[in-house]
Amino acid sequence: AKGASALVKGLAPPADFGKRREGEKRFRNMDEAEEAGRKREKEMFENEDTSFVKTKSGDRYREIKVGTGAAIELGTTADIKYRVLRLGKRSRDGLSGEASLIFSFGYGEDDDKETDVLKITAGETNFIAALQETIIGLKEGGKRRVAIRPERGWKSSNAKCGAAIDVGVVLGVPGASVTEADDCMDLYKVPAPTTYQAKRKLGRRFDESLLLEIEAIKVY
């Protein structure tokens, strides 16, 4: 009996559980609670940086961290790290807010190490279209967040891809859409997923607007 009593006591809620904190408003109904939530969300976004730069091709990026070293220019070689992310539901401008990981390199989050870097040469490396201009000017030690529209990312220009995916979905063939998606992605472009799981994740999202966070570790 004593053992049972100890277990129950250990699971007991904190002493102040259920008590209203000083200055905390008590809501009378769901409408008041939802209105308070909208107000809080608005305040959060008002304090968030929503500025961005647009390239000649219409690709947008935001400086997350301004570097202090040499800048990447056409012909420049550099070591980079990157994360490809899916936009969160609360993103209002395609660049802000939280995002979930699809694949990365150099952060130890996939089949890589935190010390890994990818060596690239601007103007020569086969970048996705959205990165060709947005990487220019990125300084060593800096970090940018780039908005990737489907047609500026990994989506292949093969006109048969969309029809193949649609047929697989309509017929209800298990895995058909994912299989066909592999043929509709251009995985020879940088950045590219390196593991099977990362390729599967990108295969489900490559036709959506995505985010790319790129960090310049060393500019030569």
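Author: Two strands pair if DSSP finds at least two bridges between them, and β6 and β7 pair in the antiparallel sense over six bridges. Please note that this is a predicted model, in which local features need pLDDT of at least 70 and side-chain atom pairs count only at pLDDT 80 or more, while totals for chains, interfaces and linings use all residues. Residues are numbered from 1 along each chain as its sequence is written, and side-chain values use heavy atoms, with hydrogens and water left out.

Reader: With which other strand does β6 pair in the antiparallel sense, and over how many bridges?

Author: Strand β2 (residues 60–65) pairs with β6 in the antiparallel sense, over four bridges. There, Glu-63 stands opposite Arg-144 of β6.

Reader: How are such elements defined, and how many helices and strands does the protein have?

Author: Helices (H or I, at least four residues) and strands (E, at least two) are DSSP runs, numbered from the N terminus. The protein has six helices and seven strands. Along the sequence they follow the pattern α-α-β-β-β-β-β-α-β-α-α-α-β.

Reader: How many of the residues of β6 are buried?

Author: A residue is buried under 20% relative accessible area, exposed over 50% and partly exposed in between (1.4 Å probe, protein chains only). Six of the six residues of β6 are buried, so this strand is largely enclosed by the rest of the structure. Both of its faces are covered: Lys-143, Arg-145 and Ala-147 are buried on one side, and Arg-144, Val-146 and Ile-148 on the other. For the protein as a whole, 35% of the 220 residues count as buried.

Reader: What is a nonpolar core, and which residues of the largest one touch the most other members?

Author: In soluble globular proteins, nonpolar side chains tend to be buried together. A nonpolar core is a set of buried Ala, Val, Leu, Ile, Met, Phe, Trp, Tyr and Cys residues joined through side-chain atoms within 4.5 Å. The largest one here has 31 residues, of which Ile-72, Phe-103, Trp-154 and Leu-202 touch the most other members. Two or more residues come from each of β3 (77–87), β4, α3 (129–134), β6 (143–148), α6 (196–205) and β7 (210–219). The largest share of this core, five residues, is given by β7.

Reader: Which residues does Leu-202 contact, leaving aside its neighbours within four places in sequence?

Author: Contact means heavy atoms within 4.5 Å. With those neighbours left aside, Leu-202 is in contact with Ile-102, Phe-103, Trp-154, Met-185, Leu-187, Pro-193 and Leu-210.

Reader: Is Ser-104 buried or exposed, and which side chain does its own join in a polar contact?

Author: Ser-104, in strand β4 (residues 99–105), counts as buried because its relative accessibility is 3%. A polar contact is a pair of N or O atoms within 3.5 Å; within protein, one must be able to donate a hydrogen and the other to accept it, and residues adjacent in sequence count only if both atoms are side-chain atoms. The side chains of Ser-104 and Glu-109 are joined by such a contact of 2.8 Å.
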